[in-house]
Amino acid sequence: MGNNSLFILAIESSCDDTAAAILQDNKVLSNVVANQSIHGEYGGVVPELASRAHQQNIVPVIEMAIRKANIDKKQLNAIAFTQGPGLMGSLLVGSSFAKSLSLALKVPLIAVNHMHAHILAHFIEEEGYDKPEFPFLALTISGGHTQIVKVNDFFDMEIIGETTDDAVGEAFDKSAKILGLPYPGGPLVDKYAKLGNPKAFSFTKPKVPGLDFSFSGLKTAILYFIQKNVAQNPNFIEENMNDICASIQHTIIEILMDKLKLAAQQTGINQIAIGGGVSANSGIRQTLKEAETKYGWKTFIPKFEYTTDNAAMIGIVGYHKYLASKFEDNSVVSKARIPF
């Protein structure tokens with residue numbers, strides 16, 4: 001390992017995954033995630049249970065990340081952590097640990113915006129993965145966010161389109177719930193969609209001006225569609241699960257792509273990157289790859305493990321903030337909602 005390398009410990013605890021990573025400059029040495037399965041019983045994340053689980057997981061997860069990276073904690077140059085947005089109780093577990101460790105080791109503290117991290121995950125050094133060039137458009141899609149961001153530089157980003165109500169991840173999960181699928185339902189919709197006909201059923205796309213999104217109307221339309229058909233045939237869902245999921249997924253992808261095409265036209269930017277948990281969806285990834293030929297775009301799809309909440313993406317922001325000397329003192333506070 002080079003003598004001039006920077007070693008950064010990154011901590012992510014914004015929702016229900018406790019994650020820690022060690023980066024050597026822009027390369028990931030370890031990336032450990034502890035999932036919380038208990039929320040499946042409740043059909044969604046329970047904030048109080050999430051923060052308790054973080055308290056149990058954070059020490060072993062960080063110890064494992066350091067051990068897997070094969071370094072000593074005394075080699076760390078900085079501690080990066082998720083400041084927000086997220087669940088307040090969960091964020092506080094990560095920030096409190098990060099503050100304590102930075103004091104103990106006498107190394108700088110770096111606060112990271114979770115949504116910036118989803119975008120800058122593309123700059124992690126990975127063999128076989130290209131990095132976008134500035135400026136580029138980022139589509140950040142997750143359970144809580146749907147945004148089109150114009151990325152001019154590492155610390156110069158502008159939201160040019162976002163959801164006016166529900167996020168795309170919520171649309172997937174709520175649709176799955178309507179179909180009787182367990183939480184989290186988004187991956188299951190994707191799984192069944194691969195086996196179905198995307199044109200079997202049609203759903204009206206919302207008419208939202210400009211680059212903004214809306215998904216609440218689509219959720220309602222899906223609910224009424226299912227209720228109507230189940231009333232006529234109690235086995236409707238069971239007999240048509242693959243086609244229903246394929247049709248829902250097809251509609252959501254069309255909504256996303258319509259806005260991306262408009263954003264590319266308006267900005268003249270043809271470099272498109274996706275990030276966030278929903279970018280793990282196989283249909284979205286496939287459609288974006290096809291857009292390279294169809295629209296002349298250059299598209300960037302992150303490695304699967306960097307799409308869902310993880311600490312490696314926090315670490316890459318931490319690395320670039322370190323280079324820019326963007327540090328915090330211990331008065332920095334976690335924020336459930338944070339300015340972009």
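**Close-up views of a predicted model**

**View 1. A right-handed β-α-β unit is made by β4, helix α2 (residues 88–105) and β5.** In this predicted model, strand β4 (residues 78–84) is mostly covered, with 7 of its 7 residues buried. On one side of the pairing pattern, β4 runs parallel to strand β5 (residues 109–113), to which 5 bridges join it, and within this pair G84 stands opposite N113 in β5.

**View 2. Strand β4 also pairs with strand β1 (residues 7–12).** These two strands run parallel and are joined by 4 bridges; the residue I11 stands opposite F81 in β4, a strand in which 7 of 7 residues are buried.

**View 3. A salt bridge joins K219 and D166, whose closest N and O atoms are 2.7 Å apart.** Because K219 lies in helix α6 (residues 216–232) whereas D166 lies in the loop between β8 (156–162) and α4 (168–178), the pair ties together parts that are 53 residues apart in sequence. Both partners are buried, K219 with a relative accessible area of 14% and D166 with a relative accessible area of 15%.

**View 4. Within helix α4, K174 and E170 are 4 residues apart and separated by about one helical turn.** Their side chains form a salt bridge in which the closest N and O atoms are 2.9 Å apart. K174 counts as partly exposed at 34% relative accessibility, and E170 is likewise partly exposed, with a relative accessible area of 24%.

**View 5. The side chains of D258 and K205 meet in a salt bridge of 2.7 Å, N to O.** This pair links distant parts of the chain, with D258 in helix α7 (residues 236–267) and K205 in the loop between α5 (186–193) and α6, 53 residues apart. D258 is partly exposed, with a relative accessible area of 33%, and K205 also counts as partly exposed, at 28% relative accessibility. A search of the whole structure finds 11 salt bridges, including the one between D258 and K205.

View 6. A disulfide is a covalent bond between the sulfur atoms of two cysteines; a search of the whole structure finds 0 disulfides.

Definitions and conventions:
Residues are numbered from 1 along each chain as its sequence is written. This is a predicted model: local features need pLDDT of at least 70, side-chain atom pairs count only at pLDDT 80 or more; totals for chains, interfaces and linings use all residues. Side-chain values use heavy atoms; hydrogens and water are left out. A disulfide is a pair of cysteine sulfur atoms within 2.5 Å. Buried means under 20% relative accessible area, exposed over 50%, partly exposed in between (1.4 Å probe, protein chains only). Two strands pair if DSSP finds at least two bridges between them. A crossover is right-handed if, with the strands pointing away from the viewer, the path from the first strand over the helix to the second runs clockwise. A salt bridge is a side-chain nitrogen of Lys or Arg within 4 Å of a carboxyl oxygen of Asp or Glu.
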